[in-house]
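Keep the sequence and the 3D view side by side as you read.

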Amino acid sequence: MNRALIILLVVLFVQPAAFAQELKNNSYSQLFNKSKLLIANQKQEEAIPILEEMYTRDKTNSNAAYLLALCYVKSFKNINKAISLL
């Protein structure tokens with residue numbers, strides 16, 4: 001009886017956490033794809049706030065840091081910050 005209760009509790013608590021992580025990753029990847037599309041269409045100014053949000057969420061993501069620095073340089077904004085990101 002105790003074993004079944006423990007298994008039930010583990011399943012109830014682990015599954016929602018895994019689902020929340022999946023949604024967070026999906027949202028992050030959607031932001032990443034949107035920012036790449038904006039950059040490809042020469043809309044760096046619009047991509048900067050998205051990339052700043054991504055970088056705020058995950059400062060270890062070198063792709064987001066690189067793209068943010070690229071947008072700063074191409075839009076002639078925050079050149080010093082761009083250098084620090086690279």
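H2 has 14 residues. From its first C-alpha to its last, H2 reaches 20 Å, close to the 20 Å expected at 1.5 Å a residue. The model is a predicted one. H2 covers residues 44-57. Its buried residues are Gln44, Ala47, Ile48, Ile50, Leu51 and Met54. An α-helix has 3.6 residues a turn, so residues three or four places apart point the same way. Keep that in mind when you look at the buried positions of H2, among them Ala47, Leu51 and Met54.

Now step back to the whole chain. The protein chain holds 4 helices and 0 strands. Along the sequence, the pattern reads α-α-α-α. The protein chain has 86 residues, and 26% of them count as buried. Take the contacts between residues at least 6 apart in sequence: 37% of these join residues at least 24 apart.

Next, see how H2 meets H3. The axes of the two helices come within 9 Å and cross at roughly 150°. H2 passes H3 in a left-handed crossing. On the H2 side, the contact is made by Gln44, Ala47, Ile48, Leu51, Glu52, Met54 and Tyr55. On the H3 side, Ala64, Ala65, Leu67, Leu68, Cys71, Tyr72 and Lys74 take part. These contact residues divide into 11 nonpolar, 1 polar and 2 charged.

Which residues touch the most other members of the largest nonpolar core? They are Leu51 and Met54, in a core of 18 residues. Helix H1 (2-40), H2, H3 and helix H4 (79-85) each give two or more residues to this core. H3 gives the most, with 7 residues. In soluble globular proteins, nonpolar side chains tend to be buried together.

Leu51 is then in contact with Ser35, Ile39, Ala64, Leu67, Leu68 and Cys71. Ser35 sits in helix H1. Is Ser35 buried or exposed? Ser35 counts as buried because its relative accessible area is 0%, under the 20% cut-off. Not counting residues up to four places away in sequence, Ser35 touches Ala47, Ile50, Leu51 and Met54.

Tyr66 is partly exposed because its relative accessible area is 46%, which lies between the cut-offs of 20% and 50%. Tyr66 and Ala82 are 16 residues apart in sequence. In space, C-alpha to C-alpha, Tyr66 and Ala82 are 8.3 Å apart.

Gln42 lies in the loop between H1 and H2. Phi of Gln42 is near 60°, a positive value in a residue other than glycine. Most residues other than glycine have a negative phi. Gln42 counts as exposed because its relative accessibility is 57%, over the 50% cut-off. Phe76 belongs to the loop between H3 and H4. Phi of Phe76 is also near 60°, again positive in a residue other than glycine. Phe76 is exposed, with a relative accessible area of 72%.

How values were computed. Residues are numbered from 1 along each chain as its sequence is written. This is a predicted model: local features need pLDDT of at least 70, side-chain atom pairs count only at pLDDT 80 or more; totals for chains, interfaces and linings use all residues. Side-chain values use heavy atoms; hydrogens and water are left out. Buried means under 20% relative accessible area, exposed over 50%, partly exposed in between (1.4 Å probe, protein chains only). Axes are lines fitted to C-alpha atoms, for helices over the stretch in contact, and angles run from 0 to 180 degrees between N-to-C directions. A crossing is left-handed if the near helix is turned anticlockwise from the far one by less than a right angle, and right-handed if clockwise. Contact means heavy atoms within 4.5 Å. Ala, Val, Leu, Ile, Met, Phe, Trp, Tyr, Cys and Pro count as nonpolar, Asp, Glu, Lys and Arg as charged, and the others, Gly among them, as polar. The expected span of a helix is 1.5 Å times one less than its number of residues. A nonpolar core is a set of buried Ala, Val, Leu, Ile, Met, Phe, Trp, Tyr and Cys residues joined through side-chain atoms within 4.5 Å.
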